[in-house]
Amino acid sequence: MPGYLAGGGDWGHLTEVLLRGHGWHNVSTIDYHTALASPDGRLHVVHDRRAGWTWNLRATRPDGREWEAVLGDHLPVEYVTAMVDAMLHPPTAHSHRVLDPLREAGWSTDGAGPAPTAVSPDGLVLVTEQPSRTGRPMTWRAACTVNGYRWWTAAFSTHAPPHVAMAFTRSLARNDLLPRMAIGMPLYGCGPYTRLARTSHGWDDERALLEARIADARARRNTGSQAAAPAAKPVVPTAATRTR
């Protein structure tokens, strides 16, 4: 099944890397609410129970302008992690064409209207790029809807860096299987779009990958390296546990 229907996953795989690997601070003020801040205080990641466990990414740009991204709770944590990795590293030279990864992955794109769009091959996800007005940068919005039920939304404010939004569209375009517990799957209404595969990749493997990411983040922080964090390896279907 497409990764964008896999559900949120274990959000600790992001927060532990930030806390233990990148040296972020836990600035939460209430229980069951996670608010993290980078050591310099410019970047913030919030998992907000008061807003239905949505993710909120906020940052202050070098020019002083602030931006945010609000992400639904059913959006895979792997996608959120990719965006946070982009927040931590400078953009590449070609990171401004946000819809390109979707176009290259076979999504239907329409750039003729006032707001360019991209639609997933199954028709479940719509990504809209709102062109800039005079003096204002572009914004992006996305929604995943199955049988009339809105599974998740994503909204990037003005001044959001295009390379962060592009980390999101790159994630949408990928075909990697995402490891999830089999209990409670598939998500309501997603049965026709679901493909479960058994794999030998289990909890211990996930923990090992997490610890490797933490160790890599610590090493890069200690050496001052700005190299991008390694992408998670795709899960190879075999014959033990399940992914989706």
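Predicted model: local features only at pLDDT ≥ 70, side-chain atom pairs only at ≥ 80, totals over all residues.
Buried, in this talk, means under 20% relative accessible area.

Let me begin with the whole chain. The protein chain has 244 residues, and 44% of them count as buried. There are five helices and 12 strands. Accessible surface comes to about 12500 Å². Carbon and sulfur atoms account for 54% of that surface. Now the contacts. Take those in the chain with a separation of 6 or more: 55% of them join residues 24 or more positions apart.

On to the sheet. In what order do the strands of the open sheet run? The order is β1-β2-β3-β4-β5-β10-β9-β8-β7-β6. That is 10 strands, with antiparallel pairing. The edges are β1, residues 25–26, and β6, residues 108–110. Each of these two pairs on one side only. As a reminder, strands of a sheet pair through backbone hydrogen bonds.

Let me walk through some of the pairings, starting with β2 and β3. Strand β2 covers residues 34–37, and strand β3 covers residues 43–48. Four bridges hold this antiparallel pair. In one of them, Leu36 has Val45 of β3 as its partner. The loop between β2 and β3 holds Ser38. Is Ser38 buried or exposed? Ser38 has 4% relative accessibility, so it counts as buried. Beyond its neighbours within four places in sequence, Ser38 is in contact with Trp24, His25 and Leu43.

Now to β9, residues 139–146. Six of the eight residues of β9 are buried, so by the cut-off I opened with the strand is mostly covered. It has a partner on each side in the sheet order, β10 and β8. With β8 there are six bridges, antiparallel. Gln130 has Thr139 of β9 as its bridge partner. With β10 there are seven bridges, again antiparallel. Val146 stands opposite Tyr149 of β10. β9 and β10 make a hairpin, with two residues between the strands. Asn147 sits in that turn, and its phi is positive, about 50°.

Next, the helices against the sheet. Helix α2, residues 77–88, lies across β3, β4, β5 and β10. Against β4 its angle is about 5°. Helix α4 lies across β5, β8, β9 and β10. Against β10 its angle is about 150°.

That brings me to the aromatics. How many aromatic pairs does a search of the whole structure find? Five. One of them is Tyr149 with Trp151. Their ring centres are 4.8 Å apart and their planes are at 65°, so this pair is edge-to-face. Tyr149 is partly exposed, at 41% relative accessibility. Trp151 is buried, at 8%. Another pair is Trp152 with Phe168, also edge-to-face. Here the centres are 6.0 Å apart, with 80° between the planes. This pair links distant parts of the chain. Trp152 lies in β10, Phe168 lies in α4, and the two are 16 residues apart. Both Trp152 and Phe168 are buried. Phe156 joins them: ring pairs link Trp152, Phe156 and Phe168 into a cluster.

One more stop beyond α4. Leu178 is in the loop between α4 and β11, residues 197–199. Leu178 is buried, with a relative accessible area of 9%. Leu178 and Ala6 are 172 residues apart in sequence. In space, C-alpha to C-alpha, that pair is 6.8 Å apart.

Last, the cysteines. Cys144 is buried, with a relative accessible area of 0%. Cys190 is buried too, also with 0%.

Note on methods
Residues numbered from 1 in each chain as written. Heavy atoms only, no water. Buried < 20%, exposed > 50% of the residue type's maximum accessible area, 1.4 Å probe, protein only. Contact = heavy atoms within 4.5 Å. Areas by Shrake-Rupley, 256 points an atom, 1.4 Å probe, with all protein chains shown as cover. Phe/Tyr/Trp six-rings, centres within 6.5 Å; stacked < 30°, edge-to-face > 60°. Pairing = 2+ DSSP bridges. Axes fitted to C-alpha atoms, helices over the stretch in contact; angles between N-to-C directions.
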